Structure formats: structure tokens, C-alpha cells
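Here is a short briefing for someone meeting this structure for the first time. The points are grouped by topic.

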Amino acid sequence: MNSMMVFELFIPLISANILHMVVVKYNIFPFFKFPFAERLFGPNKTYRGLFFLVLMTSGLQFICNGILYDDFSIQSILLGAYLGGIYIVCELPNSFLKRNIGIASGERAKNYPWLTVIADKADSTFGVCLFFTIYKEIDIQYFFLLFFGAFTAHLVTSKLLQLIRLKETL
């Protein structure tokens, strides 16, 4: 694994998520802002988030792969779509569990709020890193390196977004 792969994974997905926070904060594309299963996952898992992250990650992946590898191909678009979709899908079990134990959308557990933060950052991070490891045929030891790097980047990015008031909670 080389450092270019790390940028290939992180830059499009992190950038798409930052742009998604702008979309949420300023209610851009309100016609897609409806939950796809509110009873199961809460009101914050919307079609807008799904469509935006898949499409934006696809476009940014295409640009990133073009810059890094001179690879302006359909495969780079598909990689971005998979990463964006997997990011969203891997958040669902955690949301489902939180709704079923009485934690409201956007809230933390009262007794162990740090555990909720870890779960919120680890769910999607684990999924995209596992997919990327399989897709790029990377050794499992690099999966752990990717995961801890992505988890840390996710925490830091979330804190920065909170500090600049694009995001309400960590």
C-alpha cells in the first residue's frame, strides 16, 4: 500500500461529507430531505444524504483518481459510488440500535456518551475501510492502519466542523 491509496480513500469521502454538512446546515436540496425509514433509523437518515454522498463521492473520486493516477475511468466513478453508499449503509445498524434503546437522533447515550461517539465514527469508517481493503487487495494489516487513520480523521474532521458550526455534535 502506498500513500496515494490513503489519499484516494480519504480525500473524496471526507470532502463529500464536509460538503454534505454544508447541504444539511443550509438546507440545500430540501425536496430530497425526507427519511427513508424514520421509524427504524430516525429522521436524519434521508434520501438527500444518500443521493448526495453517493453522487458527490463519485465525482470527487473521479477527480482524485484522475489527478493521482491519470485514471479518468468509469471504475473510479464506481469506486466513489460504492464508498459513498457503503458509508451510508454502515451507519444504519448503529442508528437502528440507538433508536431501539431510546437514544434520539443526533443525541448521545446519557451514561456513556463517549461510547456513542466511538460507535458513530467507527461504523461507517469500518465499512469503507473493509471494502477498500478488499477492492484494492490490500493486506489485512493495512486494513487496521487505514481504519485507525480514517477513524482519527473522522473524529478530527467532526470536531473541526463542530468548531466552525457546520455540525452540532461531535
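**How the helices pack**

Helix α1 passes α5 in a right-handed crossing. A crossing is right-handed if the near helix is turned clockwise from the far one by less than a right angle, and left-handed if anticlockwise. The model is predicted: local features need pLDDT of at least 70, side-chain atom pairs count only at pLDDT 80 or more, and totals for chains, interfaces and linings use all residues. Residues are numbered from 1 along each chain as its sequence is written, and side-chain values use heavy atoms, with hydrogens and water left out.

Helices here are DSSP runs (H or I, at least four residues), numbered from the N terminus.

- Two packed helices are described by the angle between their axes and the distance between the axes.
- For α1 and α5, the angle is about 140° and the axes are 12 Å apart. Axes are lines fitted to C-alpha atoms, for helices over the stretch in contact, and angles run from 0 to 180 degrees between N-to-C directions.
- On the α1 side, M5, E8, L9 and L13 meet V128, C129 and F132 of α5. Contact means heavy atoms within 4.5 Å.
- Helices α4 and α5 cross at roughly 145°, and their axes come within 9 Å.
- The crossing of α4 and α5 is right-handed.
- Residues of α4 in this contact include L79, Y82, L83, I86 and K98. Their partners in α5 include T116, A119, D123, V128 and F132.

**Helix α3**

- Helix α3 has 23 residues, which should span 33 Å at 1.5 Å a residue; its end C-alpha atoms are 32 Å apart, which agrees. The expected span is 1.5 Å times one less than the number of residues.
- Among the buried residues of α3 are R48, G49, F52, L53, V54 and T57. Buried means under 20% relative accessible area, exposed over 50%, and partly exposed in between (1.4 Å probe, protein chains only).
- The buried residues of α3 pack against α1 and α4.
- H20 is found in α1. H20 counts as buried because its relative accessibility is 12%.
- Leaving aside neighbours within four places in sequence, H20 is in contact with G49, F52 and L53.

**Helix α4**

- The 27 residues of α4 should span 39 Å at 1.5 Å a residue, and its end C-alpha atoms are 40 Å apart, which agrees.
- A kink of about 25° lies at L92, shortly before the proline P93. The bend at a residue is the angle between axes fitted to the seven residues ending there and the seven starting there.
- Just after α4, G102 takes a positive phi of about 90°.

**T116 in helix α5**

- T116 lies in α5, which covers residues 113-135.
- Is T116 buried or exposed? T116 is buried, because its relative accessible area is 6%.
- Not counting residues up to four places away in sequence, T116 touches K98, E107, R108 and A109.
- T116 and I103 are 13 residues apart in sequence and 9.6 Å apart in space, C-alpha to C-alpha.

**Aromatic pairs**

- Rings of Phe, Tyr and Trp (its six-membered ring) pair if their centres lie within 6.5 Å; planes under 30 degrees apart count as stacked, over 60 as edge-to-face and the rest as tilted.
- By this rule the count is 19 aromatic pairs.
- F31 and F32 form a tilted pair, 4.9 Å centre to centre with 55° between the planes.
- F31 is exposed at 57% relative accessibility, whereas F32 is partly exposed at 31%.
- F62 and F72 form an edge-to-face pair, 5.3 Å centre to centre with 65° between the planes.
- F62 lies in α3 (residues 47-69) and F72 in the loop between α3 and α4 (74-100), so the pair ties together parts that are 10 residues apart in sequence.
- Ring pairs link a cluster whose members include F29, F34, F41, Y47 and F96.

**Positive phi in the loops**

- Most residues other than glycine have a negative phi.
- N27, a residue other than glycine, has a positive phi near 50°. N27 lies in the loop between α1 (3-25) and α2 (38-41).
- D70 is not a glycine either, yet its phi is positive, about 55°. D70 sits in the loop between α3 and α4.
- N27 is partly exposed, with a relative accessible area of 34%, and D70 is exposed, with 65%.

Note on methods:
Helix = DSSP H or I, 4+ residues; strand = E, 2+ residues; numbered from the N terminus.
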